[in-house]
Structures are given as structure tokens and as C-alpha cells.
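I opened the model to look up a few strands and helices. My notes are in the order I made them.

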Amino acid sequence: MAQIDLRRKLSILADAAKYDASCASSGTSKRDSLGGKGVGSTEGMGICHAYTPDGRCVSLLKILLTNFCIYDCAYCINRASSNVPRARFSVDEVVELTLNFYKRNYIEGLFLSSGIIRSGDYTMEQLVLVAKKLRTEHDFRGYIHLKLIPEADPKLVEEAGLYADRLSANIELPRDEALKRLAPQKDVGVIKKAMGQVRLAVEAAKPEKRDRIKPPKFAPAGQSTQLIVGADGAPDTEIMDRSASLYGGYGLRRVYYSAFSPIPDSSSALPLAKPPLMREHRLYQADWLMRFYGFSAPEIGEAATDGMLDLAIDPKLAWALNRREQFPVDVNTAPREMLLRVPGLGVKSVDRIVSVRRWRTLRLEDIARLCRGIDKVRPFITTLDWTPGGLTDAADLRARIAPDPAPVQMSLF
């Protein structure tokens, strides 16, 4: 391989890493270098590349250790047969880049993945060594997310969790048969085994109240995975079912969804066109409903058409329009679980409603102050001074409250 400078390596390997969506830095423990101790922080604001659930922006240096790969996954731009520029960082180069970028206030942490070189064990050793050097030699206290190589020795996975805030192993495709067909060198059973090991280690690292000696921390921000949307023909309902099983079976913090993007010289087994980005967005909204609003995947799928979520309206509104017999609900008496199902009411709004109604009977104007917009909420609730009457069952309700379609640029000729 011809020698290339560090700037060129960074250009190649940062671009190669952009296809992995699973890099939000939420949920980790708080560390900082206040008082002159250590380098880095898991908190703060900067040029953001990821958002945490509480709205903080966290900038990450997101790169691959190398985009050389011995695997030939049909959907991957870095596959062995792909004709793309190749580069490889040394361990010390990644360490120095991370520290230098942090000291210049460009980043708050590191997201590091890699193509498979030599073997899964060798690649995982290199990734772990980067995190180990940052933590032990430079006392780096910023966020570190390492991508797991599922085929690696379990001891390497265990060591990775001691230095990284979050670990992730990508399931990649919703259908197991599609993974076997499009990525024959990957084994979904091996991926799940690695995810199971991480879950057990995370749970073992949680101290009991009676423990005098706390166990060492292990991936305090948990683990995540990614599903590629639109590469294998799986409908949205199947994707949601897969996500629900991953959350329940492996204690994942997040499942990320990445709309398939056609790549040069791709296999004929892959679609020629990418799915609409709105589909990815609707899946994220459905995921949020499962994690924070008490919805199950089958409930969300009730309003789907041929297994696909409605792209014109959000899944919560689609469910409510499909289940009008459950509305309107009285905001002064309804349980929190039912209020969370009212279109237009978020978790914070519902918690405010539950808190305020202990002291006073709520009117429509109170709800308007407690939520972002009353128009979507009004048909589905009753208050002391408001009842929707026939509005809830109106045939044109969807048209009344659905957002206007995006404007389209007219042709000049």
C-alpha cells in the first residue's frame, strides 16, 4: 500500500464511517476533567454530530480504523470487492487525532469502527488498544463508542466494555435469511451471542445496595445496533417486530435505522432506488412510541397498510385515527398511560398535566399552555370546558389535522 498522509487518511476513513448511524452518545455516566485531572469530558456543547435524549449536542470523531475488509457484504461500500480508495490508521494515529481534536474543542468523544482485517480477533484487539491507551495513558474522560467484532474472542469483548462507554454490534438486516444471502460471511447467531454477552456483563456491573465493593463499570451507556431499511424487502411492521425483540432480548439502549443507499457496482440482489427518508423518520417515531409511550409493535402496525407505516402522518396519529372508539379521553381523570396515546401530547406534557390536575381542574386553555400545539390534541380530549362532540368521529378529521404536504418547486418551462 502506498503511503498517504494523515489528512488523506482522515478524509477516506471519516467518509467511510458515515454509513453507520449508531453513534449517539446518550446514557453514559458523567465524567469531566475539571480540576486539572484527566483529558476530555462526556458533557458539553460543540460542533454536534449526535443528540442525546435530553437535547444536548455531542460532537464525535467518527472514523474507521480501516476500510480494508476481508468480508464481501453486498450492501457495504467497504466490501472486499468494492473499488474504493483504501486507508488504515495506526493505533497511535487514532489516539493522537482524538486528543488533538478534543483539545481544539472540535469533539467530545470518539466513535470507532473498522473493516475486518486479518481476523476478527486482530481487528478487535486494535480497537480495544485505542480505547485502552486513551483511558490509561492519557486519562481521557470523554465518550468512547466501540464497534464490536462479533467473531472476536469473548475476552476481547469483555475488555472493550471496560474502556468504552457504549458497545454496538450491528444486526444489519431485519431478515436473517437476507443477512445470510447478502453477507454470507456473517452469522446472525454469532452477532446475537456477542450482544447477549454484553447484556450479561452490563447487568453484572450494576452494583447492589448491599455491595461494599462496587464491580468495575462495563459499557455504562449500554449497547446499540443498526438496521438497514429498504435493502431486503422487509416491511415496516417486520422491522418493528425485530426491534421489539432486540430491546426485550438484549436490553439495547437504542436501535438505529439507516435508509439503504445504493452503492456503486452493487449486487443485482439489491434495490436500485433508495427508500424515502420519511420512512426512516417514521420508524424512529414508532421506535420512540415503543420505548417511551407504552405502545407495542403490533399496536403500531394496526394502522399500517400492507405492512408499511403511513408516510403522511406520524404513527401515533395514525393509531388514534384507527382507534377512535378509545377517544375522547378526559384529561382530568384519564390514567397517564392513556394520556400518552393522545396525539400531540408528549411525555413532558403528560407529566405536567398529571402534576397540575392534582391541584385544579384543567380547562382547554390549560392544555394549550402545557403542550406545543392544541389543534392536534383537541379532537381527542375533553376538559372542564371542552368536548369535541362529533369532531372525533368526523370523516374528514385526518384532513383537518394532518400536516400540509411539503411545497413542490414548479417548473419554469
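I worked on a predicted model, where local features need pLDDT of at least 70, side-chain atom pairs count only at pLDDT 80 or more, and totals for chains, interfaces and linings use all residues. Residues are numbered from 1 along each chain as its sequence is written, and side-chain values use heavy atoms, with hydrogens and water left out.

I began with strand 5 (residues 143–147); strands (E, at least two residues) and helices (H or I, at least four) are DSSP runs numbered from the N terminus. Five of its five residues are buried, so strand 5 is largely enclosed by the rest of the structure. Buried means under 20% relative accessible area, exposed over 50%, partly exposed in between (1.4 Å probe, protein chains only). I found Tyr143, His145 and Lys147 on one side, with Ile144 and Leu146 on the other. In a regular strand the side chains alternate between the two faces of the sheet.

Next I checked its partners, where pairing takes at least two DSSP bridges. Strand 4 (residues 109–113) runs parallel to strand 5 and is joined to it by four bridges, with Leu112 partnered by Leu146. Strand 6 (residues 166–168) is also parallel to strand 5, over three bridges, and there Ser168 stands opposite Lys147.

I then looked at Glu159, which sits in helix 4 (residues 154–163). Glu159 is partly exposed, at 24% relative accessible area. Beyond its neighbours within four places in sequence, Glu159 contacts (heavy atoms within 4.5 Å) Val128 and Lys132.

Last, I listed the buried residues of helix 1 (residues 6–16): Lys9, Ile12, Leu13 and Ala16. They fall within an arc of 85 degrees seen down the helix axis, so they line one face; the arc is taken from the directions from the axis to the C-beta atoms.
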